[in-house]
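Visitor: Could you walk me through this one? I'm new to reading structures, so please go slowly.

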Amino acid sequence: MNSDWVATAATLSQALPYMQRYAGATIVIKLGGHAMGSDEAMRSFARDVVLMRQVGLNPVIVHGGGPMINDMLAKLDIQSEFVNGKRVTDQATMDVVEMVLSGTVNNRLVQAICDEGGKAVGLSGKDANLIICDQTDAALGFVGTPAEVDPTILKDLHSAHAIPVIAPLGMGRKGETFNINGDTAAGAIAGALKADRLLLLTDVAGVKDKDGNVLTEIAPARIGDLITDGTIAGGMIPKTETALTALNAGVRAVVILDGRAPNACLLELFTDHGAGSLIREPRG
Ligand SMILES: Nc1ncnc2c1ncn2[C@@H]1O[C@H](COP(=O)(O)OP(=O)(O)O)[C@@H](O)[C@H]1O
Ligand SMILES: CC(=O)N[C@@H](CCC(=O)OP(=O)(O)O)C(=O)O
C-alpha cells in the first residue's frame, strides 16, 4: 500500500471527528501581511478556507497588509512610524492605507479564494455599518478602536454560503475613515459573532517565552505580566491584547500561529496536537 495514502488516511480519520465537532462553527481568521507574502502561501491559505467552508464551517477572513502599506508609502516618499504596534496615521497615510488594503490586498485575497472554488466576497469595516470606530488616541491620528460592530452582513453572507473577506477599516461617527490594526478588527468581529475560534495567523510559530520556546497554552491572566516584563513586544502586543478582548466578548478560544506553515488552519482545527499558542481559560 502506498505510504502517502496511509498517511492521508490516518490524517483523515483523525480529522473527521473534529470536522463534525466544528460543523456550523464560526471561525474568524486574521491573515497578517507577513503571512501572505508569497503567491503559494496565499493559494495554500485559500485552499484551506475553501475546504473549511465545504465541510460546513463558517470562516470569516480579516486581513492585514502592513508590509504592503509600507512599500506603497515608501514609493510615495511618505514617512511612517509605529507606536505600540499601531501606525501613526495622518490624512495622507490614511488615503494610502485605504487604497492598499481595500484596493490591492483585499482583491488579491478574494481572487485567490475564488480561484480555489470558494465564493469570497470582499468588504471593509465601512460596508453595511460593520465597524463604527472611535479615535484610539489623538496622538495616533486616524487610528480607530471599534466601538460598535454590526455583524448582520456577515450572517447574510454565511446564509448565502459566501466567505466574507474584510479589510480592517472603520467608519467614524463624523464620516471619517479610520485605520484599524488588523488584529484589533478581527477580535472585534469575532466578539460580535461570539466566534468558536479566532485564529491570528502571523510569521512566527506562536507566542514565545524569553528562551524562544513557543508557549502552547497560555492562561489569559498571564498575558499582562508577559507584556510588562517585555517577553511579549511589538506587533505581538496588539495580538495578545486582542485575544483578551475577544475572550471577554464571548469568543471560546484564540490561537496565535504561523500562517506561512502549510495547512496551518487545518492542522490547528482538525488535529489532536493543534498548532501555535492557544489562549483560553484553563479547564478546571
Ligand atoms: N513573545 C513573542 N513571541 C513571538 N513573537 C513576538 C514576541 N514578541 C514580539 N514578537 C514579534 O511580533 C511579531 C508578530 O507581529 P507582527 O509583525 O505585527 O505580525 P503580523 O504582520 O503577522 O500581524 C513577530 O514577528 C515577532 O517579531
Ligand atoms: C493601526 C494600524 O497599525 N493598522 C495597520 C493595518 C494593517 C495591519 O494590521 O497589517 P498587518 O496585520 O499585516 O500588520 C497598518 O496600518 O499597518
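Visitor: How do the residues of the shell around ligand 1 divide into nonpolar, polar and charged?
Guide: In this predicted model, the shell around ligand 1 is made up of six nonpolar, ten polar and two charged residues.

Visitor: And which residues come nearest to ligand 1?
Guide: Of the 18 residues around ligand 1, the nearest are G32, T202, K208, G235 and M236.

Visitor: Okay, what about ligand 2, which residues come nearest there?
Guide: Ligand 2 has 15 residues around it, and G33, G64, G66, R87 and G182 come nearest. Helix 3 (66-75) and strand 4 (86-87) are the elements that each give two or more residues to this shell, which divides into five nonpolar, eight polar and two charged residues.

Visitor: Switching to helix 4, how far apart are its end C-alpha atoms?
Guide: They are 35 Å apart, which agrees with the 36 Å that the 25 residues of helix 4 (residues 91-115) should span at 1.5 Å a residue.

Visitor: Where is the kink in helix 4 centred?
Guide: The kink, of about 30°, is centred on N106, and N106 is also one of the buried residues of helix 4, among them V105 and L109. After helix 4 comes G117, which has a positive phi, near 100°.

Visitor: Last one: is S159 buried or exposed?
Guide: S159, which sits in helix 5 (residues 152-159), is exposed, because 9 other C-beta atoms lie within 10 Å, and 12 or fewer counts as exposed.

How values were computed: Residues numbered from 1 in each chain as written. Chains lettered and ligands numbered in written order. Predicted model: local features only at pLDDT ≥ 70, side-chain atom pairs only at ≥ 80, totals over all residues. Near = placed C-beta within 6 Å. Nonpolar A, V, L, I, M, F, W, Y, C, P; charged D, E, K, R; others polar. Helix = DSSP H or I, 4+ residues; strand = E, 2+ residues; numbered from the N terminus. Buried ≥ 20, exposed ≤ 12 C-beta atoms within 10 Å, placed from the backbone. Expected span 1.5 Å × (residues − 1). Bend = angle between axes of the 7 residues up to and from the residue.
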